[in-house]
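Morning, everyone. I have one structure to walk through today. Please take a look at it first.

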Amino acid sequence: MTDTAFAEAPAAQQAPPRRLVVTMQNVSKMFSNGTLALKDMSLDVRPGEFISLLGPSGCGKSTALRIIAGLGQASTGTIDWPSSKINSKGLPEGDVGFVFQEPTLMPWQTVFGNVYLPLKLRGVSKSAAREKVMENLASVGLADFAEAYPRELSGGMKMRVSIARALVTRPKLLLMDEPFAALDEITRQKLNDDVLDLWARTGVTVIFVTHSVYESAYLSNRIVVMRARPGQVFSDLEIDQPAERDSAYRTSEAYREICEMVSDSLQTAIHSAES
Ligand SMILES: Nc1ncnc2c1ncn2[C@@H]1O[C@H](COP(=O)(O)OP(=O)(O)OP(=O)(O)O)[C@@H](O)[C@H]1O
């Protein structure tokens, strides 16, 4: 491990003044059955970051993501969007895309129809949306499948459609909740590369939930390790490696060292929850 390969992220007060994409301050979430899923979770998300939220099952990763997306409400604490216009629901105007673990496609709609949906919901006509939809399908390698139905696609292809749908409104923030967990390893690695490519090309800020140390170390420039009971940030690790990640990187010493360090942090987080 080199000194520069891996370092604690600077404390928020030491960071240079930049307009954060989103900031969570002391967010706690208690479900109606009494489960305290998150306690005092704070997270500043800077523009252009690729953050992985990594932690043991049940530590509140999905809960945190859903609260950021406005799909769930914090019990206490605040979520702010310093660089976005806020709509009447307290959410940023069109600034959040969400990719779930399941592709959640409409089976009765074509690939085109599925990717068109977010634009349709904003009142954009099909003809006005065509170019944008096709551009997004091309960006995930599915331009030739616009007229196919979901049942005709492989699991990896369905997930690509889901990603194209999340990006079609050009969100500033893309939230991904274990999107590749159900896919085989080869497809998962390919999609990891595709997501990195999209991230580099679009400049979108990404928060990516995963259980996998290897996936987080490959994708991210920052890894937020969470601990459970209650869910909190345990460590916030900046990955100071070149943005370019490829098969050579997967077998590099730097990658191995990062995996080891992240794994150690995760193990410590797990044990700290049990004590
Ligand atoms: N709707 C709900 N009602 C009650 N408890 C919930 C609800 N959703 C989640 N929980 C609980 O909150 C805690 C955090 O769940 P969450 O799904 O956020 O964890 P996670 O880290 O994403 O887990 P996993 O990695 O297994 O998906 C868990 O104890 C879970 O059982």
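How are α4 and α5 oriented relative to each other, roughly parallel or roughly perpendicular? Before the answer, two housekeeping points. Residues are numbered from 1 along each chain as its sequence is written. This is a predicted model, where local features need pLDDT of at least 70, side-chain atom pairs count only at pLDDT 80 or more, and totals for chains, interfaces and linings use all residues.

Now the helices. Helix α4 covers residues 155–167 and helix α5 covers residues 185–202. Their axes come within 11 Å and cross at roughly 20°. Therefore α4 and α5 are roughly parallel to each other; that label applies to angles under 35 degrees. The crossing of α4 and α5 is right-handed. On the α4 side, Gly155, Gly156, Met159 and Leu167 make the contact. On the α5 side, Thr187, Lys190, Leu191, Leu198 and Thr202 do. Contact here puts C-beta atoms, placed from the backbone, within 7 Å.

Let me finish on Ser57. Where is Ser57 placed? Ser57 is in the loop between β4 (50–54) and α1. Ser57 is exposed, because 7 other C-beta atoms lie within 10 Å; exposed requires 12 or fewer. The C-alpha atoms of Ser57 and Lys172 are separated by 28 Å, and these residues are 115 apart along the chain.

Key. Axes fitted to C-alpha atoms, helices over the stretch in contact; angles between N-to-C directions. Helix = DSSP H or I, 4+ residues; strand = E, 2+ residues; numbered from the N terminus. Parallel < 35°, antiparallel > 145°, perpendicular 65-115°, else oblique. Left-handed = near helix turned anticlockwise from the far one by under 90°. Contact = placed C-beta atoms within 7 Å. Buried ≥ 20, exposed ≤ 12 C-beta atoms within 10 Å, placed from the backbone.
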